[in-house]
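Please consider the structure shown below. The paragraphs that follow lead through a helix pair, a sheet and several individual residues.

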Amino acid sequence: MKKLYLSLLATALLSVVLLSWLIDGIASNNDEHNDFNQQQALLSGMLSYLASYPAEQQSQQLATLNSHFNLNIGYAANSDLALPSPLRQQFYQEQGLTLADEEGLYLVRSTPQLADHHLTMRLPKPASSHHDLLLTVLFYCGFSLCMWLPLIPLTRRITTLANAATRFAKGKLDTRIASSRFSYTQQLERSFNSMAEQINALLAENKLMASSLSHDIRTPIACLRFGLDAAMDSEDEQSKQAYLTRMEKDLDTMESMLKSYLSFAALQQQNIELNYSRTELYPYLQEVGEQLLPQLGGIQVHIDCPHQLMVQADLHWLARCIHNILTNALRYADNQIVISAYTEAQQLHISIADDGPGVPAQERAAVLKPFYQSAKHRNQNGYGLGLAICHKVMLWHQGKLQVGSSAKLGGAQFTLILPM
């Protein structure tokens, strides 16, 4: 909107200057100034003419000229004017003296040959107010037109935005607004496109979650159905107890699955507000790693991080992100996991590498999507949500999660990149 404000301000200033100059030019083309010069010249000529006559004949000659030429030139004694001496001296100058009374303006002029008398000539009244009214109307009309011109692209872009919103509301979810650097509503258009992308992603993830849930829940339901039928048909109490124990495990599996799915769905709906904190990274990584001690078994976890390195983030969500990646690494690692941290290009890199089979290059982008599970690892416990949550946490921090392979260990390497 800053561009709109500057455009309107520049247009207003430019239109005022140009219209004022134009109207002033129109107004200056009238004949008032020329008429004033002609009247001064006429009065000067009249003085020269009367000066050639004796003082006693000047009044009569002036009356004759007024009668013949339909003039209205007055002849009066200087003593009739109550003026200070400096102004009286202007009588005898070429431009004369301009005075005003209740009837308007008039010229006063004299010469020494008039014997303490002077001539007066009434100036015509200014043009009627209709001329000023017309110029005023023209000014405001021109100003309105100039202010309307920069609003044309604004109204067009608003119409484009309204049409795009209407199409999107009717189900055309691929509707986007083409960006234009001349638009006054660039921020609004970018917000609309971003909103459309988020809605599309949310709908796609909800659709994928429903599909995955309906697919994954069939197996425990089938197992429950089989165990229930078998328990009802069995007459052996020991066999019934075995079937009930298996059914209890299937119910635990279903409960864990639904809990994970509902947790991810709630995470999608929440408007997360990050609480940034600053702490030393090495003890922070140690604390997160100690939470997984019961799951380590024979796997060694090494932390390679400078002791003076600091991290500033939402420590709760960052810990959950690191915890999810470490849980995956423990699931696939053979002997060791290495957590390393370093800075590069004003960014903090936290890498978690293992010596497991790694992630194939063609699957590295897919593993960050929710509910994705590699065909090789579908028998592993999990529902394909851990890395999707990590990816979302990094987006909240204006960072990113990279998937690659470890040059030292040969397995997978997940790198969290945070702005410093």
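Helices α10 and α12 are oblique to each other, because angles under 35 degrees count as roughly parallel, over 145 as roughly antiparallel, 65 to 115 as roughly perpendicular and the rest as oblique. The axes of α10 (residues 281-290) and α12 (residues 315-332) cross at roughly 55 degrees and come within 10 Å. Helices (H or I, at least four residues) and strands (E, at least two) are DSSP runs, numbered from the N terminus. Axes are lines fitted to C-alpha atoms, for helices over the stretch in contact, and angles run from 0 to 180 degrees between N-to-C directions.

This is a predicted model, in which local features need pLDDT of at least 70 and side-chain atom pairs count only at pLDDT 80 or more, while totals for chains, interfaces and linings use all residues. Residues are numbered from 1 along each chain as its sequence is written, and side-chain values use heavy atoms, with hydrogens and water left out.

The crossing of α10 past α12 is right-handed; a crossing is left-handed if the near helix is turned anticlockwise from the far one by less than a right angle, and right-handed if clockwise. In contact terms (heavy atoms within 4.5 Å), Tyr284, Leu285, Val288 and Gly289 of α10 meet a set of α12 residues including Leu315, Leu318 and Ile322.

The sheet comes next. Its 5 strands form an open, mixed arrangement in the order β6-β8-β9-β11-β10, where two strands pair if DSSP finds at least two bridges between them. At the edges lie β6 (300-304) and β10 (400-405), each pairing on one side only. On average, neighbouring strands of this sheet are turned by 15 degrees against each other, direction ignored. Strand β6 pairs with β8 (residues 336-344) in the parallel sense over 5 bridges, and Asp304 has Ser340 in β8 as its bridge partner. Helix α13 (residues 386-396) packs on the sheet, where α13 touches β10 and β11 (412-419) and its direction makes about 130 degrees with that of β10.

The cysteines form 0 disulfides, a disulfide being a pair of cysteine sulfur atoms within 2.5 Å. For Cys321, which is in no disulfide, the nearest cysteine sulfur is that of Cys390, 3.5 Å away. Cys321 counts as buried because its relative accessibility is 0%; buried means under 20% relative accessible area, exposed over 50%, and partly exposed in between (1.4 Å probe, protein chains only). Cys305, at 7%, is likewise buried.

Finally, Asp101 is found in strand β2 (residues 97-101). Asp101 is partly exposed, because its relative accessible area is 30%. Not counting residues up to four places away in sequence, Asp101 touches Tyr106 and Arg122.
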